[in-house]
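Please keep the sequence and the structure in view while reading.

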Amino acid sequence: MLDIALERSAAQLRAHGVIPPAGWRAILERTLRRPLTELSVAEPDDLIQAYFLSMDGKWDDVTTLVFLEAVSELFTQHAAALKPSFVRLRKNQFMTRIVLGRRLASRYFHEGRRRVDRPDTRDSGAWLLRRSFDVTASIIDRDERAQPPTLRTMTSQMATSAAHVARTMPRDDPARIDLLRAGLTRSAQAEEYGDVTADHDGYALELALRLHEVTGEPLRPGTRAAAVRLSDQHNSSAQTLLGDVAHADAVVAMGSGDPVGMVTQLREAISRYDNAIALPHHERSADIGYQLSKRGRSHALLYERATDADGGRDTFHLDRALADWGDPRTIPHRTSAELARLLLARARLATARADTTAARQDVEAAAQLLVGGDTDDQTRERLSAQELADTLESALDDRDLDAVLAGIAKARALPVAAAVPAGSLVKAVVWSRNDLAAESWRELAEAVLDRIEVDIAHPSLTLTARGHVRGHAATLARAIHLPASSPAGMERALHLSREHLVAGVTVSAAAYDGASKAAAAVAALRSPTTEAADEDQLGLWHDTLLWGVSALTAQSRTRTTVRERFDIPACAARVVDAADHLLDLTGDTTYFDSAADAVALAETLTSVDAIAPTRNRLSRQPAPPAPSPTRDRSRRASLPAGPAQQFRHAPASPVYDAWRALSDADAATGPAAAQRRRQAAELFASLADSTDRTLGGKARGGDRGVATASDPYGLTRQIVVLKRVDHATARREHGALTSLSDWLSAAEPPATWTAPDPLGVVQVSPSDSVLVMRRLPGHTLAHHLFEHLDDRTPDPQRYFAAAVEALADFHTALPAAQRPAEDVAGTFARAAAQLTQNREAAEPNGRFTKLLTDAPAVTKKDAHAGNWLWSAAAGGLILLDVEGSTTRPALLELATLTDDLPLLGLDPAGWSTRMAWAEAYLHRLPEDSRVDPSEVRSRLEAALLHVAVIGSARTRRGGPGTSSRGLRFRSYQSAHYGHVIAHLAADATDPSVRNTAADLLH
């Protein structure tokens, strides 16, 4: 009978790829000292004694498994018949079976571990480890005599087995999830019994991470100790696991609405993966393809989910993700759809900067990833696009979800040579939304959107047809990502919407409305960090307003008896909201002219009652302030002269109280005025976390950043700026503004510029304060120059000439003493390294560095054109952003003002103006801050190159902009940086500047 059981045991092993060695029977018989055919349950004493004799056998693991599995079968099936013999032989039958189970599980484990890491024996190794897990599970909770060392070994082997077996199972297999949970439980028990080895920690984390990947559950608290212990292990596998832990924590933070935690953990993950990839690898190290794929996924999440301080996304992470995922070794560890999604994102950026060749290459690569296979074979096997369209329409008519989903799957699988039926496909996907789980629908919709976007440049389609494909893609993108989604998703909806509008096809009112919604959604996502909005931020609200007006205009021209395809009252309200934002950001009331026209048009298209709430909101528009040709120097320089406008009667509210307090402060004098200014500052600061739209700006509760508010009641005719920063920064900037105010009051002759009026610093959290200040409305110098570049306004050089003098005054009023120097050479080198592989360019020569840095220092103004306002109400220039925590070389500050945008030509006339401005600037500085006249041109050239290199690196990482204005503005700016570098490489008068610039181009 043992002989038969042995054959069954050997056959089972062979069936799973575990082949017993030749002569295994003879090996057993030599140790047992009798033929195997003589051992059976019929002679129980001999069978039991043979088992105990086997403990002295020096057998290989497979032979041992054959024997122990057979004996275990007989001892289990014939337990009652064998009991008298165990008693007679004075053996404990229960413990004999327990120990037999331990031996069997241990042999399964060790043979499985030898096999599981080798590709040719991986499957058999996994089966052996599963058997080890199951056998141990059958005895461990009944093994009452096991001591802690034995239990530690058993539970540790179970956890290790579970980890290895789970690697071989389908990701979402319910049995795999159960195994991972059981493995984690046994891992925790092993640690209780004293196993804190690096191997134990590694498997504990692996089990927790694999469970997180499937279920999204946070890592169990017990696994944190393992991560802490592993942090001291400087090997590739340990660093990979620590990267995985950080990545998992980032995903949990993302799901719980913690963007700061997400970014922190993703950066930690990238750092760990960097270490893992750089460290030596051996056969048991984590696969480098896996490491690259996870690092790429971390970069991808940072690009898609994180925004910088200005609300933009860093294309550095997009480029790094594509570089990692483009490595062939990552193919088993990432999906083609993931890589295609990023390629399409890069193609959209290329399209935005008019690089059609790069865009087409990325779209074609994405198309091959999404479809793949042999085009001719697929063409024969798939329905034609028209047939698929008909099939989808029929399924929709029948409301047959299964047929709709089948049609969508067939359309997605069409070869690249055949354009998909985009209209029917989008209709089908949108229709299926209510019948699918939200996450399942989003996954399906995003996959379909990727496939449709591939066809935007399809060579077989006419220009008109391509325009319609853009429209269908935009419709689906908005359905997926609006009203709120990831930054990447919302920007994708905006990009596709804009591409549709400019595609040269007839655009419906609903399409304009959809584009307006997309622009508003992205605009609301942005939180300003500067005191004046940049052109991209303004442009988003411009797009919202103009496209909303276009929607209502288009609807008025196509009046039918069919119900409108978009929400007219919501569109009108959005237009007024955009005008509201633009008023808050600029103080410009002219936007309300367009808003009023839109509301009037909406009232002709739908019920007047439906538009009434929006009509009422128009009353928020204040009367424009009267210009102040003279300045009363006994008052703050930024206050307008003349009586305040009679305020409108308004219901009491916190916002009204704040503006009323500020108006009262202006009317008071002496200590009462100071007290009321402080009260007004506290009232405004209390609104810094408010989401009340009447506050103005884009305040986001708890976020550091800037909110601006224009007076909705006509009490002061000014803009209040709430700048939430850390305590030290708030106090430093308040002090700087106060010093500037004192300097302006004493200046002879009177200065031609003003600065914001600081009302106070109010602490709003343990770490943050709000600096409350006010100023008159106006547009930035960058805005005025942009309008000129677009041929809408005269050349604003006179504004910049005034800013040159104001910059010198600023540096005179705030001396550089006791401020640390900014590392301008280091920032140049880091930026240059992003632009070129030329090491010499990233490590400039000593003469160039000396020109750049070895010069009189002034307090940093950050003097670019976005930090100055020209205000008609103030009758001149308003200086912004005076934090001044570091120093910079004087001419670098000047170059930042003059050459961050294409204000001056690079021809002799342009250089003549630069040199004249430099002379005027230096002449107004104190003598100890002036530059040797013979060095001005060389130092100014070095400063221009610094501005161009830093700007080029910034625009490359920040992308081409998101709004229509932002795209054009960034295009002007990027082109200017490139022209400056090329000009200096060819024509710089200083050889060191010329050589450094030339290195950048090579």
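## The antiparallel sheet

The structure is a predicted model.

E1 and strand E2 (residues 719-726) run antiparallel and are joined by six bridges; Gly705 stands opposite Arg724 in E2. E2 in turn pairs with E5 in the antiparallel sense, over eight bridges, and the bridge partner of Val720 in E5 is Arg774. Six bridges connect E4 and E5, again in the antiparallel sense, with Gly760 opposite Val772 in E5. E4 and E5 also form a hairpin, with four residues between them.

## The enclosed strand E5

In a regular strand, the side chains alternate between the two faces of the sheet. Both faces of E5 are covered.

## The mixed sheet

A further open sheet has four strands in the order E3-E9-E8-E6, and its pairing is mixed. Strand E3 (753-754) and strand E6 (779-780) stand at the edges; each has a single partner strand, so one side of each is left without a neighbour in the sheet.

Both senses of pairing involve E9. E3 and strand E9 (residues 876-879) pair in the parallel sense over two bridges. Strand E8 (residues 868-871) and E9, in contrast, pair in the antiparallel sense over four bridges. Within this second pairing, Trp868 has Leu879 of E9 as its bridge partner.

Two packed helices are described by the angle between their axes and the distance between the axes. The axes of helix H39 (residues 908-924) and helix H40 (residues 936-958) come within 11 Å and cross at roughly 105°. An angle of 65 to 115 degrees counts as roughly perpendicular, and H39 and H40 are therefore roughly perpendicular to each other. H39 contributes Trp911, Arg914, Met915, Ala918 and Leu922 to the contact, while H40 contributes Val936, Arg937, Leu940, Glu941 and Leu944. By class, the residues of this contact are seven nonpolar, no polar and three charged.

The axes of helix H37 (residues 846-853) and helix H42 (residues 991-1001) come within 8 Å and cross at roughly 110°. H37 and H42 are therefore also roughly perpendicular to each other. The contact is made by Arg847, Phe848 and Leu851 of H37 together with Ser992, Val993 and Thr996 of H42. Three of these residues are nonpolar, two are polar and one is charged.

## Helix H35

Helix H35 (residues 824-835) consists of twelve residues. From its first C-alpha to its last, H35 reaches 17 Å, which is close to the 16 Å expected at 1.5 Å a residue. The buried residues of H35 are Val824, Gly826, Phe828, Ala831, Ala832 and Leu835. An α-helix has 3.6 residues a turn, so residues three or four places apart point the same way.

Lys294 lies in helix H14 (residues 288-305). Is Lys294 buried or exposed? Its relative accessible area is 7%, and a residue counts as buried under 20%; Lys294 is therefore buried. Apart from its neighbours within four places in sequence, Lys294 is in contact with Glu213, Asp244, His247 and Tyr273.

Glu805 lies in helix H34 (residues 797-813). With a relative accessibility of 31%, Glu805 counts as partly exposed. Glu805 and Ala159 are 646 residues apart in sequence, and their C-alpha atoms are 73 Å apart in space.

Conventions. Residues are numbered from 1 along each chain as its sequence is written. This is a predicted model: local features need pLDDT of at least 70, side-chain atom pairs count only at pLDDT 80 or more; totals for chains, interfaces and linings use all residues. Side-chain values use heavy atoms; hydrogens and water are left out. The expected span of a helix is 1.5 Å times one less than its number of residues. Buried means under 20% relative accessible area, exposed over 50%, partly exposed in between (1.4 Å probe, protein chains only). Two strands pair if DSSP finds at least two bridges between them. Axes are lines fitted to C-alpha atoms, for helices over the stretch in contact, and angles run from 0 to 180 degrees between N-to-C directions. Angles under 35 degrees count as roughly parallel, over 145 as roughly antiparallel, 65 to 115 as roughly perpendicular and the rest as oblique. Contact means heavy atoms within 4.5 Å. Ala, Val, Leu, Ile, Met, Phe, Trp, Tyr, Cys and Pro count as nonpolar, Asp, Glu, Lys and Arg as charged, and the others, Gly among them, as polar.
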